[in-house]
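Try each task before reading its solution.

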Amino acid sequence: MNDTLQYIIEILGTFAFAISGIRHAAAKHFDWFGGYVCGVAVAIGGGTIRDVLLGTTPFWMTTPMYLICTAVALLFVILFHRQMKWLQNAWFVFDTFGLALFTIAGIQKSLLFEHPFWVAIILGCITGAAGGVIRDVLLNNEPVIFHREIYAMACVVGGLLYWLLSDIGLPQSVVVIVTFLLICIIRFLAVRYHLSLPTLRNIEEK
């Protein structure tokens with residue numbers, strides 16, 4: 001059951017993140033192949049780093065489904081771009097869904113490898129946020145985790161909640177749903193109300 005849930009979450013996260021990456025590529029006027037590459041980078045980047053750290057074969061090398069899923073995301077954007085251009089907030093929603101889903105997937109896989117929860121939370125953050133960093137590097141943008149808006153911290157808070165709910169013995173499906181909702185709510189509220197962590201002060205400033 002856990003393996004099935006893990007697979008479903010990774011597929012959904014792949015689709016959501018792929019659309020997010022393809023959207024950013026479209027904003028830079030990439031061609032279809034460039035959009036696909038960017039979508040793949042976002043969709044598998046974080047999970048690849050996680051699996052390398054876990055010492056296992058990267059998840060996308062075990063089945064072509066993730067690459068196919070990214071191709072479907074590309075086709076979806078190509079076919080429905082006219083309709084989706086009126087839904088500017090949809091891009092942000094896809095990115096947020098991908099962040100939440102991949103954070104949960106990273107935590108679950110780390111726990112399957114019998115790592116402690118603090119390690120699972122870190123790897124969950126890497127799984128969720130690293131793909132966006134790779135995307136931004138490819139597009140020559142400032143990585144989103146360095147923006148003032150809350151991004152990776154949403155993963156940390158979600159991971160802590162996952163730990164707490166698992167510790168009190170709630171069903172896995174409930175833990176996943178509640179964690180997913182919390183990460184999404186944090187991101188939505190942070191962007192809506194311009195919430196952010198304090199910035200570092202330059203030591204040369206008086």
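This is a predicted model: local features need pLDDT of at least 70, side-chain atom pairs count only at pLDDT 80 or more; totals for chains, interfaces and linings use all residues.

**Exercise 1.** Find the salt-bridge partner of Asp95, and classify the burial of Asp95.

*Solution.* The partner is Arg135, with the closest N and O atoms 3.4 Å apart. This pair links distant parts of the chain: Asp95 sits in helix H4 and Arg135 in helix H5, 40 residues apart. Next, apply the cut-off: buried means under 20% relative accessible area. Asp95 has 7% relative accessibility, so Asp95 is buried. Arg135 has 3%, so Arg135 is buried too.

**Exercise 2.** Which residue meets Asp136 in a salt bridge? How many salt bridges does the whole structure hold?

*Solution.* The side chain of Asp136 meets that of Arg135, at 3.1 Å from N to O. Asp136 is buried, at 3% relative accessibility. Elsewhere, shared partners join the salt bridges of Glu10, Arg50, Asp51 and Lys109 into one network. The search of the whole structure gives six salt bridges.

**Exercise 3.** Locate Glu114 and examine its phi.

*Solution.* Glu114 lies in the loop between helix H4 (88-112) and helix H5 (117-138). Its phi is positive, about 60 degrees, although Glu114 is not a glycine. Compare the general rule: most residues other than glycine have a negative phi. Finally, exposed means over 50%. Glu114 reaches 74% relative accessibility, so Glu114 is exposed.

Definitions and conventions: Residues are numbered from 1 along each chain as its sequence is written. Side-chain values use heavy atoms; hydrogens and water are left out. Helices (H or I, at least four residues) and strands (E, at least two) are DSSP runs, numbered from the N terminus. Buried means under 20% relative accessible area, exposed over 50%, partly exposed in between (1.4 Å probe, protein chains only). A salt bridge is a side-chain nitrogen of Lys or Arg within 4 Å of a carboxyl oxygen of Asp or Glu.
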